[in-house]
Each structure stands twice: as C-alpha cells, then as structure tokens.
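I opened a new notebook page for this model.

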Amino acid sequence: MSSRFSLRAKLAFYVVMFVLAIPFLFPTWWMVTSSFKPIGDIFAFPPQLLPTHPTADAYRKVFELHPFARQYMNSTYIAAVVTLGTMAVSSLSGYAFARIRFRGQNVLFLVVLIGLLIPSEVTIVPLFQMFHQAGLTNTHWPLILVPTLGAPSVLATFVMRQFFIGLPDELEEAARIDGLGRFAMYWRIALPLARPALAAVAVFTFLHSWNLYLEPVVYLSSPERFTLPQALTQYVDAYGGPMWNVQLAAASLTAVPVLLLFAFAQKYFVEGLAHTGLK
C-alpha cells in the first residue's frame, strides 16, 4: 500500500514539475521550431507548434548574408579567454582574501565589492576614451580586458572567497608540515578542491561574456569582428524589417554552446553556488 502511494506521489510530482517547466521550455521550443518555418507561418493563427512545411533555408541564409561563422568564432574564443582569465584572477584573489591575513583585509575586500554597485553604462565612456587613445578600439581587447578585470571578476572573487573560507585549517597545517609554500598550497591543495566553485564561476562568466551586447556595439565597427549578440541585429530586409526566421535560426545556433556548457557543468555549478565545500 505504501509503495503504491509512493508511486502515485512520484507521478504527481513529475506531472507538476512538467507543467511548471512549460513556461521556461516553450520559448526555446518556439525559437527552434519557428526557425524551420517560412516567415508567413511564424505568425499564422492559430499558432503552429510544429512546422507544417519545414525548411532549412533560414540556416543557409544565416551564413550567406553575413560572416556568421567568423562572428561565431569571435564570440567563442572571447568567451573562452574571458572565462579562463576570470577563473585565474578570481581564484588567486579569492584565496588571498580567504586564507591570507593582512592589515586592512576586510576594508580592501569591501572596496572590491563596491565594483559590483557601479553600472557598466557609467564607465563605458571613460573606458572607450582610454582604449581609443591606446589604439585598441575595433579590436577584441576591450571585450577581454574589461570583463576579466571588471564586475564579473568581482562576483567570481566573492564566490571563490566564500568557498576557500570553508576549507579546514588542518589542510594548510598539514601542507606546511610537508614543506609547501603559500602558492603550492593554493595550486596543489586549495584549487583542486575548488572545482565546484570554479565550475560555477565558469558558467556565469561564459554566459555573461557570450551575451555581452553594449560593449561590442561601442567598441566594434567592422562586421568581421562582431560578436553574436551584435550580429543577430544585422539580419534585416531591404526595408529595415527583421527577417524573423533567419534571426531565429541564428539565435538557435547561438544558444547551443551555453546549453552544452550548462549540461556538462550543471552538477558542479549547483554545488559551487551552494558552497558545499568538502564532502
């Protein structure tokens, strides 16, 4: 009797979860299926959940109308470099704030956190002037340096600091007995244990860099240097109207790396945000 009740409870739970997931899954479903529809079918009434006359013509036009493959590579390598750089900077600074005692430590960390309160729109003009004087406008350097050393890195530093605080002091005491220095303790002990936190940092840093729009619009002017968020706005017809099926096809291709990253790092991402520390 109890097993039958348990089976019914599980079935009811899955049904409720499926219903609650529909509002989150439906936009993605609509984006992907509409990318295979002619423009006239996208706005048909009643709406068509599946394309009646599927065609991949929109995906062909994505690469024909603009250098989408080059723009895809731009976003990919920029996001990868920013993610690796942020992981390196945040893990080092987070470890220093968590495990090294020095005068003014808490005050300095508070100053670092204030960087999260400054909107990027406030600093975009002085940063543009600085990069323009250095001859780095219309290059990818601003899109790499600003996120790596800016607000995303501050948030990542906070996550890494909170994780490293939870590590037992006995680990470092044993490392000192074995003759390890400070950097060796960070590299050989603390960093391998911080994989959940690093995964969380990697996911939200990659997502932030991948979706960056304002900064590419400000710094980049050549189509071959565009990133994907900027490239998606370029698919318009001769009258300036959006080519909906082509835009949806490009958006569907744009979502693939983020979905794959989160699928592989989901377990560590949840653990890192929960600050579970050692098992």
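I began with how elements are named: helices (H or I, at least four residues) and strands (E, at least two) are DSSP runs, numbered from the N terminus. This is a predicted model, where local features need pLDDT of at least 70, side-chain atom pairs count only at pLDDT 80 or more, and totals for chains, interfaces and linings use all residues. Residues are numbered from 1 along each chain as its sequence is written, and side-chain values use heavy atoms, with hydrogens and water left out.

**Entry: Asn138**

I looked up Asn138 in the loop between α6 (120-133) and α7. Its relative accessible area is 18%, so Asn138 is buried. My cut-offs: buried is under 20% relative accessible area, exposed is over 50%, and partly exposed is in between (1.4 Å probe, protein chains only). I then checked the backbone. Phi of Asn138 is near 60 degrees, a positive value in a residue other than glycine. Most residues other than glycine have a negative phi.

**Entry: α4 with α7**

Two packed helices are described by the angle between their axes and the distance between the axes. Axes are lines fitted to C-alpha atoms, for helices over the stretch in contact, and angles run from 0 to 180 degrees between N-to-C directions. I took helix α4 (residues 68-99) and helix α7 (residues 141-149), whose axes come within 9 Å and cross at roughly 30 degrees. That makes α4 roughly parallel to α7. The scale I used: under 35 degrees is roughly parallel, over 145 roughly antiparallel, 65 to 115 roughly perpendicular, and the rest oblique.

The crossing of α4 and α7 is right-handed. I noted the rule: a crossing is left-handed if the near helix is turned anticlockwise from the far one by less than a right angle, and right-handed if clockwise.

Which residues make the contact of α4 and α7? From α4 I listed Tyr77, Ile78, Val81, Val82, Gly85, Thr86 and Val89. From α7 I listed Leu143, Ile144, Pro147 and Thr148. Contact means heavy atoms within 4.5 Å. By class, the contact of α4 with α7 has 8 nonpolar, 3 polar and no charged residues. Here Ala, Val, Leu, Ile, Met, Phe, Trp, Tyr, Cys and Pro count as nonpolar, Asp, Glu, Lys and Arg as charged, and the others, Gly among them, as polar.

**Entry: α4 with α10**

I moved on to α10. The axes of α4 and α10 are 11 Å apart, and the two pack at an angle of about 110 degrees. That makes α4 roughly perpendicular to α10. On the α4 side, Ala88, Ser91, Leu92, Tyr95 and Arg99 make the contact. On the α10 side I found Arg182, Phe183, Met185, Tyr186, Ala190 and Leu191. The contact of α4 with α10 divides into 8 nonpolar, 1 polar and 2 charged residues.

**Entry: α4 with α5**

Helix α5 covers residues 105-114, and its axis comes within 10 Å of that of α4, crossing at roughly 145 degrees. This crossing of α4 and α5 is left-handed. Ala96, Phe97 and Ala98 of α4 meet Gln105, Leu108, Phe109 and Val112 of α5.

**Entry: the cores**

A nonpolar core is a set of buried Ala, Val, Leu, Ile, Met, Phe, Trp, Tyr and Cys residues joined through side-chain atoms within 4.5 Å. How many residues has the largest nonpolar core? It has 18, and those with the most contacts inside it are Tyr95, Met160, Phe163, Phe164, Ala194 and Val201. The elements that give two or more residues to this core are α4, α8 (151-165), α10 (182-193) and α11 (195-210). α8 gives the most, with 5 residues. Apart from this core lies another, of 13 residues, among them Phe68, Val246, Ala249 and Ala250.

I also followed Val201. Leaving out residues up to four places away in sequence, Val201 touches Thr86, Met87, Ser90, Ala156, Val159 and Met160.

Thr83 is in helix α4. Is Thr83 buried or exposed? Thr83 is buried, at a relative accessible area of 7%. Beyond four places in sequence, Thr83 touches Ala202, Thr205 and Phe206.

Tyr59 sits in helix α3 (residues 57-65). Tyr59 counts as buried, at 16% relative accessibility. With residues up to four places away in sequence not counted, Tyr59 touches Val32, Ser35, Phe36, Ala249, Ser252 and Leu253.
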